[in-house]
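Colleague: Hi! Could you walk me through this one while I have it open?
Modeller: Happy to, let's settle one term before we start.

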Amino acid sequence: FPVTIFGPGNATVLVVAGGGSGGARAGGGGGAGGMQTSCKTLPASPVTITIGGGASAVTGCSSGGSGTPSVFAPGTPIAITSTGGGGGGNYTAAGSPGGSGGGGGSGNPTGNPQAGGTGTPGQGNSGGAGVFTNNRAAGGGGGSGAAGTSGISPAPGAGTILGPGGVGSSSSITGLSVVYGSGGGGGRTCNSGGTIGLGGTG
């Protein structure tokens with residue numbers, strides 16, 4: 001949705017895009033929306049800011065969707081565009097690229113791992129990979145402060161670990177230190193065991 005601010009003057013600008021959604025059926029976690037901070041000189045004319053929304057939850061066995069970009073002063077020389085977070089892959093798909101990449105799905109029973117999506121330099125990090133060795137272990141989505149963690153599917157009888165999401169980054173632009181842009185943890189099927197991947201801090 002659009003927001004309008006007015007200059008002139010200098011402003012520190014924080015632009016965070018919408019995050020991606022997680023993939024279904026042992027799917028990877030959604031990647032965080034891209035995050036950028038910059039100092040800009042505002043003109044006397046109105047400046048528009050478009051705030052991107054997060055991706056909607058998926059239905060069925062689909063991969064996650066990508067978040068919507070956020071844009072400061074679109075179409076002007078001072079424009080900043082942060083890329084929406086990548087969606088997590090379902091159990092047969094890799095994570096999508098984005099501001100931070102979505103986590104890879106767990107792979108299929110033949111053992112094919114799925115890669116995490118790549119993050120955008122200067123905005124975020126890549127998602128973790130999913131793997132199927134002895135159980136489904138999806139990867140976590142990337143965060144603005146760190147990459148998502150890959151899933152771990154060890155020998156039978158050991159604990160399967162679903163990748164946690166990458167942590168976010170702190171900003172004190174509001175006067176308080178707040179963490180933005182954390183990735184989502186990897187998911188699992190309803191009848192599989194193991195440790196659930198937690199979302200990144202923030």
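Modeller: Buried means under 20% relative accessible area, exposed means over 50%, and partly exposed is in between (1.4 Å probe, protein chains only). This is a predicted model, where local features need pLDDT of at least 70, side-chain atom pairs count only at pLDDT 80 or more, and totals for chains, interfaces and linings use all residues. Residues are numbered from 1 along each chain as its sequence is written, and side-chain values use heavy atoms, with hydrogens and water left out.

Colleague: Thanks! Is Asn 90 buried or exposed?
Modeller: Asn 90 is buried, at a relative accessible area of 11%.

Colleague: And where is Asn 90 found?
Modeller: In the loop between β6 (80-82) and β7 (131-132). Strands here are DSSP runs of E, at least two residues, and helices are runs of H or I, at least four, numbered from the N terminus.

Colleague: What does Asn 90 touch?
Modeller: Leaving out residues up to four places away in sequence, its contacts include Gly 23, Ala 24, Arg 25, Cys 61 and Ser 106. Contact means heavy atoms within 4.5 Å. A polar atom of the Asn 90 side chain also lies 2.7 Å from the backbone oxygen of Cys 61.

Colleague: How accessible is Cys 61?
Modeller: Cys 61 is partly exposed, with a relative accessible area of 41%. Cys 39 is exposed, at 57%.

Colleague: How many disulfides does the structure hold?
Modeller: Zero, taking a disulfide as a pair of cysteine sulfur atoms within 2.5 Å.

Colleague: Switching to backbone angles, what is phi of Ala 26 near?
Modeller: Near 60°, a positive value in a residue other than glycine. Ala 26 sits in the loop between β2 (9-16) and β3 (35-42), and Ala 26 is buried, with a relative accessible area of 2%. Phi of Ala 73 is positive too, near 50°. Ala 73 is in the loop between β5 (70-72) and β6, and counts as buried at 3% relative accessibility.

Colleague: Which residues make up the largest nonpolar core?
Modeller: Eight residues: Val 13, Val 15, Leu 42, Val 47, Phe 72, Ala 73, Ile 78 and Ile 80. Such a core is a set of buried Ala, Val, Leu, Ile, Met, Phe, Trp, Tyr and Cys residues joined through side-chain atoms within 4.5 Å.

Colleague: Last one: how many helices and strands are there?
Modeller: The protein chain has zero helices and 10 strands. Buried residues make up 43% of its 202 residues.

Methods:
A polar contact is a pair of N or O atoms within 3.5 Å; within protein, one must be able to donate a hydrogen and the other to accept it, and residues adjacent in sequence count only if both atoms are side-chain atoms.
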